[in-house]
Amino acid sequence: MNADRTVLTDEMGARVVPLCPGQVTDPGCTAVDNRLCLEGVLWRFRTGTPWRDLPPHFGRWTRAVTRFRRGTQANLCERIVHE
């Protein structure tokens, strides 16, 4: 992925990614790349495009939607702000 097109710096990624659902200790499937998925969600909201138009390098759009919904249910945005 082109680093010039990402939003998260390495420092931000190191602080935010551990808060995302899909960790090894979470029930269910473990995420392959939490940071990449988060970048995909941020790209989608930054561009305003439909989920189905998420570029393939972010992974399957259906996974991004699922991860976004799980993050929403887990109050991820609120946790990030308070971190």
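**View 1. Arg 44 sits over the face of Phe 45.** The distance from Arg 44 to the ring centre is 4.8 Å. A charge counts as over a ring if NZ of Lys or CZ of Arg is within 6 Å of the ring centre and within 35 degrees of the ring normal. The model is predicted: local features need pLDDT of at least 70, side-chain atom pairs count only at pLDDT 80 or more, and totals for chains, interfaces and linings use all residues. Residues are numbered from 1 along each chain as its sequence is written, and side-chain values use heavy atoms, with hydrogens and water left out.

**View 2. Phe 45 and Phe 68 form a tilted pair.** Phe 45 lies in helix H2 (residues 34-47) and Phe 68 in helix H3 (residues 61-73), so the pair ties together parts 23 residues apart in sequence. Helices (H or I, at least four residues) are DSSP runs, numbered from the N terminus.

**View 3. Trp 51 and Phe 68 form a tilted aromatic pair.** Their rings are 5.6 Å apart centre to centre, with 45 degrees between the planes. Trp 51 lies in the loop between H2 and H3.

**View 4. Phe 45, Trp 51 and Phe 68 form one aromatic cluster.** Trp 51 is buried, with a relative accessible area of 15%. Phe 45 is partly exposed at 45%, and Phe 68 is partly exposed at 30%. Buried means under 20% relative accessible area, exposed over 50%, and partly exposed in between (1.4 Å probe, protein chains only).

Definitions and conventions
Rings of Phe, Tyr and Trp (its six-membered ring) pair if their centres lie within 6.5 Å; planes under 30 degrees apart count as stacked, over 60 as edge-to-face and the rest as tilted. Helices (H or I, at least four residues) and strands (E, at least two) are DSSP runs, numbered from the N terminus.
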